[in-house]
Amino acid sequence: MPEWPEMEHYRKQLARMILNMPIRQVIVNRPKSLNVTEENFRQAVLGAAIRRVERRAKQLIFVLDTDKYLLLHLMLGGILFYGPEGERPNRSTQIELSFGDNRLYFIGLRLGYLHLFDRSGLEKELSGLGPDPFDAALSPDRFRSMLHGKKGTLKTTLTDQKWLAGIGNCYSDEICFAAGLLPTRGPGSLNQQEGQRLYTAMHGVLHEALAAGGYMEMPLFNGDKLTGSYNDLCKVYDRPGEPCVRCGQPIVFDKVSSRKCFYCTNCQT
Ligand SMILES: [Zn+2]
């Protein structure tokens, strides 16, 4: 499932491609991906332009110039593609929005959705989320005190969207590896130095992954060489049995509270 770097990457890319152009056509192939009737969706979106693309947690918010909002959650398997009809990917689409000659294709939106909200509806929808990893108010001190009040493991903590919003299975493992901490550790067991290491690793890994275009498998547009480059840079996630980049010992695969988890038992304590 796309996480903070993938969605922030999409946000940055889309913000230079789709803003302030009226949406000329709306195709809905899967009405279940919406929260309103197809007709209401069409009415709200046709002719409107996207003023801004924002991100909250793993979701994108398309801010329309009509004071309506489209909230996109790709969940598992969802991807985006932008381009003219001639470059349409050979995949079934659930929704398409057309801007002039180009279209934004929503693909693999089976569990994911594109929901229409007004301001108060959107705020209500997002109200349960924890702070963003780069929230200005999330100082190292506050991060450490949040760890202290938390039960469970680092794995379940980092992926708890109510605690911290935007991190999932891949980056929780990468962050723990970068911090040299086992994802099975209890958050309250971290000393001050370890808490600081986790905070620094979180920022470092997310920034590095964003700079590399995240791990999505399909380019966002034709000629896009950046999207997905982080796939080759993952050090532990989905690399069971492969030698650890630091010490050479095989990476271990484990399940922590039914979540897939990968780590090095030698480099992480
Ligand atoms: Zn190692």
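User: How far apart do the C-alpha centres of domain 1 and domain 2 lie?

Analyst: First, some ground rules: this is a predicted model, where local features need pLDDT of at least 70, side-chain atom pairs count only at pLDDT 80 or more, and totals for chains, interfaces and linings use all residues. Residues are numbered from 1 along each chain as its sequence is written, and side-chain values use heavy atoms, with hydrogens and water left out. The protein splits into domain 1 (4-126) and domain 2 (140-263), with bounds taken from an automatic or database domain assignment. Between their C-alpha centres the distance is 28 Å.

User: What area is buried between domain 1 and domain 2?

Analyst: Contact here means heavy atoms within 4.5 Å, and it takes 23 residues from domain 1 and 20 residues from domain 2. Buried area is the accessible area (1.4 Å probe) that two parts lose on being put together, summed over both. Carbon and sulfur atoms give 73% of it, and the total is about 1,900 Å².

User: Which residues in domain 1 lose the most area to domain 2?

Analyst: Three residues together make up 34% of what the domain 1 side buries. They are Trp4, Glu6 and His9.

User: Which element gives the most to the side of domain 1 that touches domain 2?

Analyst: Helices (H or I, at least four residues) and strands (E, at least two) are DSSP runs, numbered from the N terminus. Helix H1 (4-15) and strand S5 (79-84) each supply at least two residues of that side. With nine residues, the top contributor is H1.

User: How many salt bridges are there between domain 1 and domain 2?

Analyst: A salt bridge needs a side-chain nitrogen of Lys or Arg within 4 Å of a carboxyl oxygen of Asp or Glu. By this rule the overall count is 17 salt bridges. Between domain 1 and domain 2, though, the count is zero.

User: Which residues is Phe221 in contact with, leaving aside its neighbours within four places in sequence?

Analyst: Phe221 lies in the loop between helix H7 (192-211) and strand S9 (252-256). Its partners beyond those neighbours are Gln13, Arg16, Met17, Phe81 and Tyr82.

User: How far apart in space are Phe221 and Leu138?

Analyst: Along the sequence, Phe221 and Leu138 are 83 residues apart. C-alpha to C-alpha, the distance in space is 34 Å.
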